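Hello,

Here is the structure for you to look over. My notes follow below it.

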Amino acid sequence: MEDLARQANLSSRHLARHFRAATGTTPLQWLLTQRIRRAQELLEATDDSIDTIAAAAGMGTATTLRRHFHRAVGVPPDTYRRTFRT
């Protein structure tokens, strides 16, 4: 956040207020949502492992992906894959 604010020539607090006004959420929550969406796309379209998808979606580890994915989507990634695989 500090780096983004510096690049925008704003304080972190000011940037956070503008971000929330524009998106309705915090920068961290927005980023997490984007990562979950990317993981969903990969789960639907590939046979990649959960570890590979976690790295590709920017979640780092499979454990982190599973925790955030389940909280956001309501099911674990493997259940999502079985249900929504095209």
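Which residues in the largest nonpolar core touch the most other members? Ala39, Leu43, Ile50, Ile53, Met59, Leu65 and Phe69 do, out of 13 residues in that core. A nonpolar core here is a set of buried Ala, Val, Leu, Ile, Met, Phe, Trp, Tyr and Cys residues joined through side-chain atoms within 4.5 Å. Buried means under 20% relative accessible area, with a 1.4 Å probe and protein chains only. Helix 3 (27-45), helix 4 (50-56) and helix 5 (62-73) each give two or more residues to this core. Helix 3 gives the most, with four residues.

Take Ala39. Leaving aside residues up to four places away in sequence, Ala39 touches Ile53, Ala57, Leu65 and Phe69. Contact means heavy atoms within 4.5 Å.

A word on the source. This is a predicted model, where local features need pLDDT of at least 70, side-chain atom pairs count only at pLDDT 80 or more, and totals for chains, interfaces and linings use all residues. Residues are numbered from 1 along each chain as its sequence is written, and side-chain values use heavy atoms, with hydrogens and water left out.

Now the whole chain. The chain has six helices and zero strands. Helices (H or I, at least four residues) and strands (E, at least two) are DSSP runs, numbered from the N terminus. The C-alpha atoms fill a box of roughly 45 × 20 × 20 Å along the principal axes. Of the 86 residues, 26% count as buried. Among contacts between residues at least 6 apart in sequence, 42% join residues at least 24 apart.

Best wishes

Methods:
Buried < 20%, exposed > 50% of the residue type's maximum accessible area, 1.4 Å probe, protein only.
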